[in-house]
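Thanks for coming, everyone. Please have a look at the sequence and the structure before I start, and then I will walk you through two parts of the fold.

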Amino acid sequence: MPKIAVVPGDGIGPEVIEQGLRVLATLAPDLEVEHFDLGAERYLRDGTTMPPDVTARFGSEFAAVYLGALGDPRVPSNVHAKDILLGSRFQLDLFVNFRPCKLLDARYCPVKDKSEADVDFVVFRENTEGLYTGVGGQFKRGTPDEVAIEQEINTRKGVERIIRAAFAYAREHGRKRVCMSDKANAMRHGHDLWQRVFREAAAEYPEIQASHLYVDVLAMRLVQSPESFDVIVTNNLFGDIITDLGAALQGGIGLASSGNLNPGKAALFEPVHGSAPDIAGKGIANPLASILTAGMMLGYLGRRDEESRVEKAVQACLKSGRVTRELGGTLSTREATEAVLAAL
Ligand code: ATP
């Protein structure tokens, strides 16, 4: 029986995770769930951020981790969030940041004349290297001669595994096109590696149409013709930016879900939105991103029918306006979940 580790976290995290768990209890009552008391409260209580044995257990005992959100104004350093999220990401080597961008109700797309069928792509963002490793340094800090260097790390292993994961996903899910995005015209060393590895991998997937766009062109095309994208693979920095653009195309962060994956080994799923301290505890947070994230987790566990049922139920609620206030509805967090459960 698959076991899920649950980390509700901070702010609206516990509120929205509770709703996702209600959906899971309905659709997959066989899943075993264990809660972990990690987050700002725990840190303020006893100084614990992320016990190493818990990270190890996440990797060995659980099929997936289901995380709410981390971030609390009482912990301005955000040290607990860094330890929990980055600790899991690096120790479990979750090298794929998986971000589906699917429009479930055309009304929420900010681009005019786009239908639901026009926005349905997934982004594979490299999650462990690139420009976000902290490699670099400062020299003559605080002086007029200051130098600050941020280095981009691209390893053959890292580039190859994210590109191959994108192609493997495309093949397994009947996606026809993979687009790799870089800036090889300006970043001639690291991104040349991406180009070469992409060509090598593409040759092994002849049935999939492989294409390439510089990231500036990709940003433009995503707005002009999102329908031309199926699977996008890119590095850590570009993926960070492009996935927010994707979230906007699908209707905003209240509807965006994500997975941090080491396929076949470990996985951590979380809604894209943060802890939203401004609305925490008021019972008005939109639970749909968390519910869609729970659905995505079911899909990852091989239960694709159930994933699709969750998506359809959320879609039905969006179309009938049974949603929370920030999406134009009147429902509370719990009521919005009840609407999803009724649609299920
Ligand atoms: P982070 O710094 O981690 O991004 P955050 O909470 O400051 O966290 P977001 O999650 O991007 O930032 O949220 C920005 C704002 O959007 C929130 O302050 C809140 O008003 C709104 N928001 C975010 N998530 C939700 C949600 N699930 N339901 C309703 N409003 C939300």
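Let me begin with the place where Ala313, Val314, Ala316 and Cys317 in helix α10 meet Ala339, Val340 and Ala343 in helix α11. Please keep in mind throughout that this is a predicted model. Helix α10 covers residues 304-320 and helix α11 covers residues 333-343, and their axes come within 8 Å and cross at roughly 120°.

Now let us turn to strand β1, which runs over residues 3-9, and ask how many of its residues are buried. Seven of its seven residues are buried, and in that sense the strand is mostly covered. In a regular strand the side chains alternate between the two faces of the sheet. In β1, Lys3, Ala5, Val7 and Gly9 point one way while Ile4, Val6 and Pro8 point the other way, and all of them are buried.

Which strands does β1 pair with? One of them is strand β2, residues 32-35, paired in the parallel sense over four bridges, and in β2 the bridge partner of Ala5 is Glu34. Another is strand β3, residues 64-69, again paired in the parallel sense, over five bridges, and in β3 the bridge partner of Ile4 is Ala64. Finally, β1, helix α1 (residues 13-27) and β2 together make a right-handed β-α-β unit.

Notes:
Residues are numbered from 1 along each chain as its sequence is written. This is a predicted model: local features need pLDDT of at least 70, side-chain atom pairs count only at pLDDT 80 or more; totals for chains, interfaces and linings use all residues. Side-chain values use heavy atoms; hydrogens and water are left out. Buried means under 20% relative accessible area, exposed over 50%, partly exposed in between (1.4 Å probe, protein chains only). Helices (H or I, at least four residues) and strands (E, at least two) are DSSP runs, numbered from the N terminus. Two strands pair if DSSP finds at least two bridges between them. A crossover is right-handed if, with the strands pointing away from the viewer, the path from the first strand over the helix to the second runs clockwise. Axes are lines fitted to C-alpha atoms, for helices over the stretch in contact, and angles run from 0 to 180 degrees between N-to-C directions. Contact means heavy atoms within 4.5 Å.
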